[in-house]
Amino acid sequence: MGIPHYIVAGPSEMLAITGSGISEIKLKKKHFLWPLQKCTKLDISPVNYSFEVQAMSAEKLPFVLPAVFTIGPKLDEDNESLIKYAQLVSNHDKNSNHVKELVKGIIEGETRVLAASMTMEQIFKGTKEFKKEVFEKVQLELNQFGLYIYNANVKQLVDVPGHEYFSYLGQKTQMEAANQAKIDVAEARMKGEIGSKQRDGETKQNAAKIDAETMIISTKRQGEGKKEEVRVRTEVEIFKNQREAEVVEASAELARKKAGWSQTARLAEVEAEKAVAIREAELQMEVEKKKALAQTAKLKADLLSKANVEYDIKVQEANSELYRRQKEAEAALFENQKKAEAQKATADAELYSRQQVANSELFAKQKEAEGVAAIGEAQAFYLGSLLKEVKNYSSLRDYLMINNGIFQEIAKTNAQAVNGLQPKISIWSGANGGESNGEGSGLKDVAGVYRMLPPLLQTVQEQTGMQPPAWIGSIPESK
């Protein structure tokens, strides 16, 4: 049996006590060791483990991942992780191959599994995320040994001999950088030349734009001046045309009256000439009748010469009449042309006034329609109120007809319709007064029908003036 003594652990140590009075393991910084108890000092300081993990990406490209992990026992409040460490790892030195191979195996296994699910590009570009994933997965495995990763440093990826992926990638990056530099230099040179040309072009464009705007403003000013001048001239021409139209209209009226007066005078002259000629012919005829027996030959010669003279006179009169009518037609044509020109100018002048009148009439019609609509709404409300009061459509109709004088108008119209009628009533009777004694009633009925025809046909004749057909018979004229 040992002698009891007091044991104290160092700053980076922890006492693991087992034995009498302790169920499993008891952890303390200081302890009074009794007989049948055993005390082991645990070094809880972390240790650095350097590895070169060989893994393969999803493209089956092998690479070497240099990594340094700082790992030590995990310290927590209930010392649960530290108890696991004391039970599983404390019997071995932390720097021994056993502990190193244990940690290396965990790290290599998790790193290879994670690298196999990622492409080389994802591993290379996402080093931070890759480190985090490895750290979390390795920590899950180390928890069962009571170990904790205090720090993890993943170095740059290294090519496996015979697989120079990163070397080629570096060469590619260098070539791309060189080519990009060349492209940037060429692009900068191009932008400089284009910028210079563009500035020259913009300068010329701005100058041309200013000249064009100046020309446009000048042209607008000239156009406005010409427009105002044309408007004033147009108003003057319209006024002149109106005055000329009035003068032409007065001249046409005067010419028309003169033509009427001339026609009346000429007709009077022609009638006087014809009357004189007729009278002379009558007198000459009397004279010639008296001298017919003695002077037949002389009369024929005189008549022939007179006919020739009259023919010549008629020909001259016809020629003069034709010339006069031609001149009158030419004068009328010229007058009509001038009148048409004046009417066109007048129509152009009246167009604006008619448009204004149309606009005013449209406004008046709109107001009139609004008034009619208002009256209709008032009448509809009035009729609705009456119908609501009388509660009968026929009563409302009778009231409206009485109120508007419809019954009086109907009576007046009926009276005017029968006013002046003179009906004529004819009474016909047979020989026996239209009576039947039962003997030969069939023949009497036929005879009665025939007796009805004369008065019927006579009534039709008196009312319409129509005669019956000849095959029926004729009605004697009333004396």
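Glu-229 and Arg-233 lie four residues apart in helix 5 (residues 165–290), so about one helical turn separates them. Helices here are DSSP runs of H or I, at least four residues long, numbered from the N terminus. The two residues form a salt bridge, with the closest N and O atoms 2.4 Å apart; the term denotes a side-chain nitrogen of Lys or Arg within 4 Å of a carboxyl oxygen of Asp or Glu. Glu-229 is partly exposed at 39% relative accessibility, whereas Arg-233, at 53%, is exposed. Exposed means over 50% relative accessible area, buried under 20%, and partly exposed in between, using a 1.4 Å probe and protein chains only.

A word on the basis of these values. This is a predicted model, in which local features need pLDDT of at least 70 and side-chain atom pairs count only at pLDDT 80 or more, while totals for chains, interfaces and linings use all residues. Residues are numbered from 1 along each chain as its sequence is written, and side-chain values use heavy atoms, leaving out hydrogens and water.

Let us turn to helix 6, residues 296–390, where Arg-324 and Glu-328 are four residues apart, about one turn. Their salt bridge brings the closest N and O atoms to 2.4 Å. Arg-324 has a relative accessible area of 23% and Glu-328 one of 42%.

Helix 6 also holds Lys-367 and Glu-370, three residues apart, whose side chains meet in a salt bridge at 3.7 Å, N to O. Lys-367 is partly exposed, at 44%. Shared partners, moreover, link Glu-321, Arg-324, Arg-325 and Glu-328 into one salt-bridge network.

Across the whole structure, the search finds twelve salt bridges.

How values were computed:
Helices (H or I, at least four residues) and strands (E, at least two) are DSSP runs, numbered from the N terminus.
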